[in-house]
Amino acid sequence: MSGLMKGKRGLVMGVANDHSIAWGIAKTLSEHGAELAFTYQGEAFGRRTRPLAESVGAKMLLPCDVEDIDSVDAVFETLKQEWGSIDFLVHAIGFSDKTELRGRYADTTRANFSRTMVISCFSFTEVTKRAAELMPEGGSIITLTYGGSTKVMPNYNVMGVAKAALESSVRYLAVDYGPKNIRVNAISAGPVRTLAGSGVSDARLMFNYQKRNAPLCRTASLEDIGGTGLYLLSNLSNGVTGEIHYVDAGYNIMSMPRLDELKV
Ligand code: NAD
């Protein structure tokens, strides 16, 4: 343990199980001395999240569905009562109806567009605002995004549009909260086999394609993403805000498949 997060407390939102990106980040933060609180969405996820939270010594595990603003408020009220202040926040929440994560973006319905935007994008603004109120000395906030925001990825559809708005939110929030020494950044992770990831049609095909074509000839692991989470949430990145930091084994720099892939 480096002690990089010693004395720092924060909230992790978005652990569904031990494959979750949020869990990869939480584990790394805990290994470096952070004190953690977690939220979970609904009792079924709560049953899976509880032993994970306990394994890193977390005392607070709170229900929260970001579609229900009262449950969001209750989380931050509890943090205020229990801790008074926090140093960091991890937002790793995304959702879209999987029947629309296939085929054409053009066929997205109004209802699912709105729901996807509220859960996957606007919830970040809502929790950032509440977290910032608990950061009188400054702090660091991250969210999770995907390269389907800037380039078209098959089947990612409305999630790509939501991630584009999320990334823009990161920049606006970085300016809003910069004067309070609160930094706001995003990790743009490469494909990871998670519940949310498997909701996108042909996820396995995309995973294997990126694995073959990324400069590092692999995809990013939970440990890779956890390490970047540690960097962005610790003082190591004190001069960094408003950034979209890719952790994708380099895939985003490619303009075409690797030559060895084309020759297969
Ligand atoms: P996951 O399924 O483990 O996590 C998604 C989380 O979102 C779950 O904990 C779920 O409970 C939560 N969530 C969904 N709707 C919610 C709501 N209404 N209220 C509260 N929580 C809600 O999958 P993951 O891949 O770890 O996803 C975490 C984040 O990482 C998401 O934003 C996702 O878009 C992003 N991401 C994933 C990948 C990937 O390939 N898996 C790549 C880049 C970015």
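Reader: Which residues of α8 are called buried?

Author: The buried residues of α8 are L222, D224, I225, G226, T228, G229, L230, Y231, L232 and L233. A residue is buried if 20 or more other C-beta atoms lie within 10 Å of its own, exposed if 12 or fewer, and partly exposed in between, with C-beta atoms placed from the backbone. The model is predicted: local features need pLDDT of at least 70 and side-chain atom pairs count only at pLDDT 80 or more, while totals for chains, interfaces and linings use all residues. Residues are numbered from 1 along each chain as its sequence is written.

Reader: What makes α8 a mostly covered helix?

Author: Of the 12 residues of α8, 10 are buried. These buried residues pack against β1 (9–13), α1, β4, β5, β6 (182–189) and β7 (244–247); contact here requires the C-beta atoms of two residues, placed from the backbone, to lie within 7 Å. The names follow DSSP runs, numbered from the N terminus: helices are H or I over at least four residues, and strands are E over at least two.

Reader: How do you know that the span of α8 is close to the expected one?

Author: Helix α8 covers residues 222–233 and reaches 16 Å from its first C-alpha to its last. The expected span is 1.5 Å times one less than the number of residues, and for the 12 residues of α8 the expected value is 16 Å.

Reader: What is the order of the strands in the sheet, and in which sense do they pair?

Author: Seven strands form an open sheet in the order β3-β2-β1-β4-β5-β6-β7, with parallel pairing. The edge strands are β3 (60–63) and β7, since each pairs on one side only. From one strand to the next, the twist averages 20 degrees. Two strands pair if DSSP finds at least two bridges between them.

Reader: Why is β5 called mostly covered?

Author: Seven of the seven residues of β5 are buried. G139, I141, T143 and T145 lie on one side and S140, I142 and L144 on the other, so both faces are covered under the definition of burial. β1 is also mostly covered, with five of its five residues buried: R9, L11 and M13 point one way, and G10 and V12 the other way.

Reader: At about what angles do α4 and α8 run to the strands?

Author: α4 lies across β1, β4, β5 and β6 and runs at about 165 degrees to β4. α8 lies across β1, β4, β5, β6 and β7 and runs at about 165 degrees to β6. The axes are lines fitted to C-alpha atoms, for helices over the stretch in contact, and the angles run from 0 to 180 degrees between N-to-C directions.

Reader: What makes N157 buried?

Author: N157 has 26 other C-beta atoms within 10 Å, so N157 is buried. N157 is in helix α5, and its phi is positive, about 45 degrees, although N157 is not a glycine.

Reader: Which element gives the most to the shell around the ligand?

Author: α6 gives the most, with three residues.
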